[in-house]
Amino acid sequence: MSKKWLEMHLAVPDQSVDLVSQRLMELGCTGITAAEKVLDTFVVPAPESLNNDPVLRAYFSYPESVEELCQAVRFALSELAGIYPGLAEARMDYRELSDHDWASDWRQHFPPIRVGKRLVICPSWIHWEATDEEAVLTLDPGQAFGTGTHATTSLCLEALAEHFADACPPQRILDVGTGSGILAMAGAVLGAAEVIACDIDSDACKVAAANIEQNRLTGRITVTDTPLDSIPGSYDLVLANILAAENIRLATALVKHVAPRGRLVLSGILIEQEQQVVDGFATYPLELLCISHRDEWTCIVYRRHE
């Protein structure tokens with residue numbers, strides 16, 4: 001008999017996607033995709049449709065009680081609403097899928113991703129024959145935009161890969177606001193000797209630790225919820241894929257952790273917020289190396305003066 005699935009749709013704030021995805025996985029979700037809503041440019045949209053939050057599609061084995069599952073999801077969202085208030089009124093709907101619909105609806109849309117010359121991010125259902133030079137990470141769409149498909153993550157990955165292509169690649173890396181841990185893992189598989197992945201959210205640390213274990217990198221990456229100010233040492237590369245306001249608020253602590261001639265990579269910044277961030281870091285001993293854009297997002301790369 002063909003198995004049935006439930007596809008649930010949730011419109012959630014962009015910054016909440018990682019944590020919401022983790023809670024959905026804890027409730028039995030077996031896969032998640034994320035995409036922004038597409039507005040019909042030929043029809044005047046209703047005011048409530050103008051909020052272009054990402055729509056999560058979460059896939060569950062069809063439950064005995066759809067109502068009970070929806071209640072459990074609503075409760076999980078209400079618990080996270082203290083961090084992301086928009087979750088309190090997140091829009092939800094769902095539909096039934098057959099096995100065939102499930103397989104064709106999302107897996108075929110997630111091919112391996114290549115970043116730079118060496119890094120490959122591959123879903124677990126694809127066997128990748130890696131060459132001696134390639135560094136491969138296994139991450140499934142269930143980890144939402146922590147898989148490298150989100151613009152902010154891909155911009156950071158490209159900046160990281162470019163640094164490793166230098167004559168003096170980074171040996172010590174600090175990943176601030178690690179989320180899924182993808183940036184920390186990329187640094188480790190590309191050859192960093194020491195990687196610290198920090199996030200003040202304990203749930204995010206659990207997500208990162210699970211992904212790191214799946215990729216057999218537990219011995220090479222330290223995951224911590226220690227506040228940035230309390231983390232000792234300086235690093236050849238500091239990554240901060242967090243909100244623009246947080247980048248500015250943490251500017252002193254971020255710069256303090258960058259070793260002389262080390263690099264600081266900032267993302268999670270909307271293009272319209274770019275100048276605010278540049279201004280916020282203007283007084284520090286940094287050289288602006290480059291600014292990259294993708295979709296509506298910005299990535300800023302600095303090098304610290306000697």
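Pick out Leu137: leaving aside residues up to four places away in sequence, it touches Leu119, Val120, Ile121, Cys122, Ile182, Met185, Ala186, Val189, Asn215 and Leu217, where contact means heavy atoms within 4.5 Å. Mind that this is a predicted model, so local features need pLDDT of at least 70 and side-chain atom pairs 80 or more, while totals for chains, interfaces and linings use all residues. Numbering runs from 1 along each chain as its sequence is written, and side-chain values use heavy atoms, with hydrogens and water left out.

Leu137 is also one of the residues that touch the most other members of the largest nonpolar core, which has 36 residues. Such a core is a set of buried Ala, Val, Leu, Ile, Met, Phe, Trp, Tyr and Cys residues joined through side-chain atoms within 4.5 Å; buried means under 20% relative accessible area, with a 1.4 Å probe and protein chains only. Apart from it lies another core of 26 residues, among them Leu174, Leu254, Val277 and Tyr302.

If you want landmarks, His9 has Asp93 as its bridge partner in S4, and Trp5 has Ser61 in S3.

Note on methods: Buried means under 20% relative accessible area, exposed over 50%, partly exposed in between (1.4 Å probe, protein chains only). Two strands pair if DSSP finds at least two bridges between them. Helices (H or I, at least four residues) and strands (E, at least two) are DSSP runs, numbered from the N terminus.
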